[in-house]
Amino acid sequence: MLRKLITFLTIYLCFILQCSVFNHISLGGIVPNILIIITASFGFMRGQNTGMAVGLVAGLFIDIFFGSPFGFMVLIYTIIGYLNGFFKNIFYPEDIKLPMILITVSELVYCILYYIFKFLLRGRLNIGYYFVHIMLPEIVYTIIITLPLYLIIVWINEHLEAYERRNS
């Protein structure tokens with residue numbers, strides 16, 4: 001129960017940070033996608049079910065507050081959380097390479113799916129411009145923010161696991 005509450009509060013806090021603080025420190029209108037970091041991290045740290053649940057809640061927050069087609073972000077974030085859950089068996093908290101690669105790929109998948117469903121299907125075919133001016137800066141900015149945020153997420157996860165071991 002405590003894990004679910006802490007996970008929900010972490011998602012909520014990251015959503016608030018993404019929508020408020022990071023909007024004010026955006027670089028050229030680009031904001032890091034903190035919810036992708038959270039969704040991917042919980043996916044490969046805790047498995048497919050937790051990754052999907054975190055993705056569902058993160059997507060719901062975005063869809064409720066900003067989404068025009070309701071359920072679009074829920075679908076994308078849930079898929080990303082589920083796919084990252086496949087890497088639970090090869091995840092080691094002290095290794096930073098795998099999380100960085102997975103979060104980068106997750107952000108790229110998010111950007112590509114967002115482009116396909118928001119722009120490509122509406123006849124905007126200039127993917128080169130979108131890649132250079134939107135996707136690439138967002139991926140780089142997200143990776144820069146991943147380093148400190150990932151360490152906080154690992155710290156929270158380790159303390160929750162220690163608490164669960166003591167209580168069982």
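Where is the place of I79? This is a predicted model, in which local features need pLDDT of at least 70 and side-chain atom pairs count only at pLDDT 80 or more, while totals for chains, interfaces and linings use all residues. Residues are numbered from 1 along each chain as its sequence is written, and side-chain values use heavy atoms, with hydrogens and water left out.

**View 1. I79 sits in helix α4.** Helices here are DSSP runs of H or I with at least four residues, numbered from the N terminus. I79 is partly exposed, because its relative accessible area is 35% and that class runs between buried (under 20%) and exposed (over 50%), using a 1.4 Å probe and protein chains only.

**View 2. A nonpolar patch lies on the surface.** Its members are M52, L75, I79, Y82, L83, F86, F87 and I90, and together they have about 690 Å² of accessible area. To join such a patch, a residue needs over 30% relative accessible area and no salt bridge, and nonpolar side chains are linked within 5 Å. A salt bridge would be a Lys or Arg side-chain nitrogen within 4 Å of an Asp or Glu carboxyl oxygen. Helix α4 (residues 72-85) gives the most, with four residues.

**View 3. F8 and F61 form a tilted aromatic pair.** The structure holds 16 aromatic pairs, meaning Phe, Tyr or Trp (six-membered) rings with centres within 6.5 Å; planes under 30 degrees apart are stacked, over 60 edge-to-face, and the rest tilted. For F8 and F61, the numbers are 5.8 Å centre to centre and 45° between the planes. The pair links distant parts of the chain, with F8 in helix α1 (residues 2-24) and F61 in helix α3 (residues 48-65), 53 residues apart. F8 counts as partly exposed at 40% relative accessibility, whereas F61 counts as buried at 11%.

Conventions: Patches are made of residues with over 30% relative accessible area and no salt bridge: like charges are joined within 9 Å, nonpolar side chains (Val, Leu, Ile, Met, Phe, Trp, Tyr) within 5 Å. Accessible areas come from the Shrake-Rupley method with a 1.4 Å probe; for residues, only the protein chains shown count as cover. Helices (H or I, at least four residues) and strands (E, at least two) are DSSP runs, numbered from the N terminus.
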